[in-house]
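Thanks for making the time this morning.

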Amino acid sequence: MDAVDRLLEDWRPDQLTRVPYQVFVDADLFQREDERIFRGPTWSFVGVEAEIPNPYDFRTSVVGRTPVVMTRDGDGAVHVLVNRCAHRGAEVVRDVCGNAKRLRCLYHAWSYDSSGALRGAPFEKGLAGQAGYPSEFRKAEHGLRSLRVERVGGTIFATFSDETPPLRDYLGSVLPLVERIFDGREMVVLGRFRQRIQSNWKLYFENLKDAYHATLLHPFLATFGLGRPTMEGRIHAEASGVSGLYSFTGTDEQSKHVFESGEADTAYAKGLALSAPEVVVSDFEFGDTIGAENLAIFPSFAISQTANAIATRQVVPLAVDRFDLVWTLLGYSDDPPDLRAKRYVHANLVGPAGYISLEDAEALESVQRAIVEGAESAYVAMGGSGADPAATPGNMISEVAIRSFWQAWRRLVS
Amino acid sequence: MNERDVTRMLARYADALHEWRLEDWADFFTDDGRYEIIPRENLEGLADGVTPLGIISCPDRRFIDDRVKAIRKATVYGPQVYRHLFGNVVADELGAGRMAVRANYAVYRTKPPGEAELFSVGKLEATVVDGDPARFASLRFVCDALIPGYIVLPL
């Protein structure tokens with residue numbers, strides 16, 4: 001029994017309010033996560049259809065740490081292929097994105113089509129009848145590894161495992177929230193933000209599921225009426241580790257003014273008024289009053305709506321104490337110009353310089369520095385000790401989705 | 001106004017940020033002055049009708065003043081200082097007292113007790129309006145690389 005097994009055995013399954021810090025610092029556990037989680041029965045987000053709109057478009061991405069390339073073939077079908085030559089392992093695609101009928105490895109020029117099938121291996125028959133591959137060599141047996149792919153709206157997910165339940169079942173009660181944004185309309189990529197955070201990737205997943213921290217760590221939220229603890233909120237948490245958090249503008253006295261007048265309310269901070277209040281005033285484009293929403297799709301993905309900023313966030317684990325966060329800001333191709341302009345203004349709320357996101361990196365790196373030796377454990381008991389959000393009251397002061405996340409994680413790594 | 005004046009203006013700009021004089025930083029911009037930090041990849045392969053997206057985008061001075069207020073009163077961050085290095089500064093006359101400015105930049109960030117890192121590297125593009133003092137009608141930082149951690153103080 002190794003140290004990882006001992007850790008998991010000592011951590012009783014009913015003990016959801018304690019999270020041993022060792023899970024954030026143990027390098028062996030990080031290796032195990034690669035196999036059991038990222039290459040296990042989970043769905044990883046790899047991109048959106050708007051990134052590969054045309055036949056033969058490709059774009060590189062990752063599933064966990066494994067490099068992949070998503071492609072659209074000549075018939076319009078989407079493939080997710082491991083970006084590793086079947087011959088000697090070089091990356092077949094080294095550009096971030098592009099358009100090509102053949103994907104050609106630089107090392108020995110093996111070339112593949114957009115479905116990953118091997119189409120050419122130089123000197124297959126040798127040179128002047130000498131050497132060449134053995135007679136039993138079949139190109140059909142040396143294609144790029146192809147992952148299972150499923151799509152919802154314009155999102156593209158992939159999994160290594162045949163055991164992963166269908167994507168729609170995996171998303172469960174969060175599916176309608178995904179389809180609220182990815183509703184089948186054509187989307188357009190406005191741009192990307194990338195940040196590298198010096199902490200374990202799971203600290204970010206906890207953060208995505210942490211309704212309790214929002215108005216405490218991010219003073220801008222409450223100060224300018226975007227989110228307040230008194231607003232009505234909802235928490236979804238699925239057994240798969242998928243969760244959804246969102247709150248309704250106008251459901252408390254303090255945010256009612258914002259909703260009804262369309263003007264920012266700065267009552268929280270006396271004497272502090274925004275010169276450009278449009279940064280916090282949403283268009284409520286989805287036919288509801290949700291001002292901020294965050295869907296965390298275990299193990300690598302989040303979708304967020306912050307006023308009119310729509311973003312996907314991909315979590316890319318790099319090492320036990322380091323991950324990249326890739327934000328893709330989206331709009332719809334039929335956006336009216338004034339709504340499109342709001343997406344750019346509201347993009348100031350998110351990303352590495354976002355008014356309600358920049359603090360997350362500071363907090364996570366601070367945790368990682370403080371727990372470096374992996375002793376002791378976190379206390380995660382706000383809103384009870386269970387993992388069922390149905391048992392929580394209708395506000396956001398809760399850590400229930402974090403407890404649910406750890407249940408899903410433990411089921412996979414144990 | 002000439003290239004040497006622009007170089008001195010960039011030095012004063014960097015000093016304001018280094019010393020956390022954020023209100024002075026905001027005063028480097030005209031009323032309709034635009035400030036942006038844009039990742040280089042957002043300038044490449046844009047879809048039809050899409051304008052480049054900034055990590056920070058302040059379409060006019062009001063947004064710049066709000067950024068300062070937010071940093072002072074509505075965000076949480078750790079202590080840190082920047083050190084800007086500007087190079088290859090080129091300023092061309094546009095007429096009517098305006099100059100087009102290009103430069104390369106590197107910003108090092110130091111957090112206590114004393115660890116420095118290369119925080120951002122890239123180029124800047126600006127339009128400077130002559131006056132007393134000269135101000136930026138636009139200032140765009142195009143960063144080549146990802147952001148280490150987060151960005152609270154503007155570049």
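When I say contact, I mean heavy atoms within 4.5 Å. Please keep in mind that what you see is a predicted model. On that definition, 34 residues of chain B are in contact with 37 residues of chain A.

The size of an interface is often given as the accessible area lost when the parts come together. Here chain B and chain A bury about 3100 Å² between them, and 58% of that area lies on carbon and sulfur atoms.

Let me turn to the polar side of the interface. Between chain B and chain A there are 22 residue pairs in polar contact, counting those with both residues at pLDDT 80 or more. The rule also finds three salt bridges across the interface of these two chains, and one of them joins the side chains of Glu278(A) and Arg62(B), with an N to O distance of 2.9 Å.

Which elements of chain B supply at least two residues each to the side that touches chain A? They are strand E2 (56-58), helix H3 (61-73) and strand E7 (147-148), and of the contributions to that side H3(B) gives the most, with eight residues. Sorted by class, the side of chain B that touches chain A has 18 nonpolar, eight polar and eight charged residues.

Finally, there is strand pairing between the chains: strand E12 of chain A, residues 187-197, and E7(B) pair in the parallel sense over two bridges, and Gln195(A) stands opposite Ile147(B) in E7(B).

Methods. Residues numbered from 1 in each chain as written. Chains lettered and ligands numbered in written order. Predicted model: local features only at pLDDT ≥ 70, side-chain atom pairs only at ≥ 80, totals over all residues. Heavy atoms only, no water. Buried area = accessible area lost by both parts, 1.4 Å probe. Salt bridge = Lys/Arg side-chain N within 4 Å of Asp/Glu carboxyl O. Polar contact = N/O pair within 3.5 Å; in protein donor to acceptor, adjacent residues only side chain to side chain. Helix = DSSP H or I, 4+ residues; strand = E, 2+ residues; numbered from the N terminus. Nonpolar A, V, L, I, M, F, W, Y, C, P; charged D, E, K, R; others polar. Pairing = 2+ DSSP bridges.
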